[in-house]
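Colleague: Could you pick one part of this model and take me through it closely? I'd also like to hear how that part sits in the rest of the chain.

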Amino acid sequence: MILLLVPLAAVAVIVGINWGWQWVLAPLLGLALLRWLLGSLRALVTDAKHLEAQEATATPVGSDERTLFWCEECGTEVLLLIRGTARAPSHCGQRMHERTEILS
Ligand SMILES: [Zn+2]
């Protein structure tokens, strides 16, 4: 890779001196933007696959316990039927508090 850079640098210097440095810098800027764009898209796809793997492990809550999430701000309570992730849901812009009741 480094051996390839030496002749490319020589060609870039020749092109820059003879026809102007915009012909060297513009393709380099385009290449940098393209690499950044592809890296961002790759990160999005990786995150989406991670979320799909989490959803595949969704399990129903057992019948011997009852899990509620309650909102400290407005008092809303949500009954959990199927646990998708370990993360608590959000309400009024903050995480809800979890309360598990053991049923006898
Ligand atoms: Zn709320």
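**A close look at the sheet**

Modeller: Reading from the N terminus, the order is α-α-β-β-β-β-β-β-β. The radius of gyration is 27 Å, well over the 13 Å that the globule rule gives for 104 residues, so the protein is more spread out than a compact globule. That radius is taken over C-alpha atoms, and the globule rule is 2.2 Å times the number of residues to the power 0.38. Along the principal axes, the C-alpha trace spans about 85 × 30 × 15 Å.

Two housekeeping points before we zoom in. This is a predicted model, where local features need pLDDT of at least 70, side-chain atom pairs count only at pLDDT 80 or more, and totals for chains, interfaces and linings use all residues. Residues are numbered from 1 along each chain as its sequence is written. As for pLDDT, that's the predictor's confidence in each residue, from 0 to 100. The mean for this protein is 88, and 97% of its residues reach 70 or more.

The chain is divided into domain 1 (2-56) and domain 2 (59-102), with bounds that come from an automatic or database domain assignment. Their C-alpha centres lie 45 Å apart.

Now for the part I'd pick: an open sheet of three strands in the order E3-E2-E7, with antiparallel pairing. E3 and E7 stand at the edges with a single partner strand each, so one side of each is left without a neighbour in the sheet. On average, neighbouring strands here are turned by 25 degrees against each other, direction ignored. For that, axes are lines fitted to C-alpha atoms (for helices, over the stretch in contact), and angles run from 0 to 180 degrees between N-to-C directions.

Take the E2 side with E7 next. Strand E2 (residues 65-70) and strand E7 (residues 97-102) pair in the antiparallel sense over six bridges; two strands pair if DSSP finds at least two bridges between them. Glutamate 65 stands opposite isoleucine 102 in E7, while tryptophan 70 stands opposite histidine 97. How many residues of E7 are buried? The number is zero out of six, so E7 lies largely in the open. Buried means 20 or more other C-beta atoms within 10 Å of the residue's own, exposed means 12 or fewer, and partly exposed is in between, with C-beta atoms placed from the backbone.

On the other flank, E2 pairs with strand E3 (residues 77-79), again in the antiparallel sense, over three bridges. Tryptophan 70 turns up here too, opposite glutamate 77 in E3. The hairpin of E2 and E3 has six residues between the strands, and glycine 75 there takes a positive phi near 85 degrees. As for confidence, E3 has the highest mean pLDDT among the elements (94), and strand E1 (residues 59-60) the lowest (77).

Most residues other than glycine have a negative phi. Cysteine 92, though not a glycine, has a positive phi of about 55 degrees. Cysteine 92 sits in the loop between strand E5 (90-91) and strand E6 (94-95), and it counts as exposed because it has 11 C-beta neighbours inside 10 Å.

For contrast, here's a look at the helices. Valine 15 is in helix H1 (residues 2-19), and with 14 C-beta neighbours inside 10 Å, valine 15 counts as partly exposed. Setting aside neighbours within four places in sequence, valine 15 is in contact with Trp23 and Val24, where contact means C-beta atoms, placed from the backbone, within 7 Å. Alanine 53 lies in helix H2 (residues 22-56) and is exposed, with 9 other C-beta atoms within 10 Å. The C-alpha atoms of alanine 53 and valine 15 are separated by 50 Å, at 38 residues apart along the chain.

Across the whole protein, buried residues make up 0% of the 104. Of the contacts with a separation of 6 or more, 43% are between residues 24 or more positions apart.

How values were computed: Helix = DSSP H or I, 4+ residues; strand = E, 2+ residues; numbered from the N terminus. Contact = placed C-beta atoms within 7 Å.
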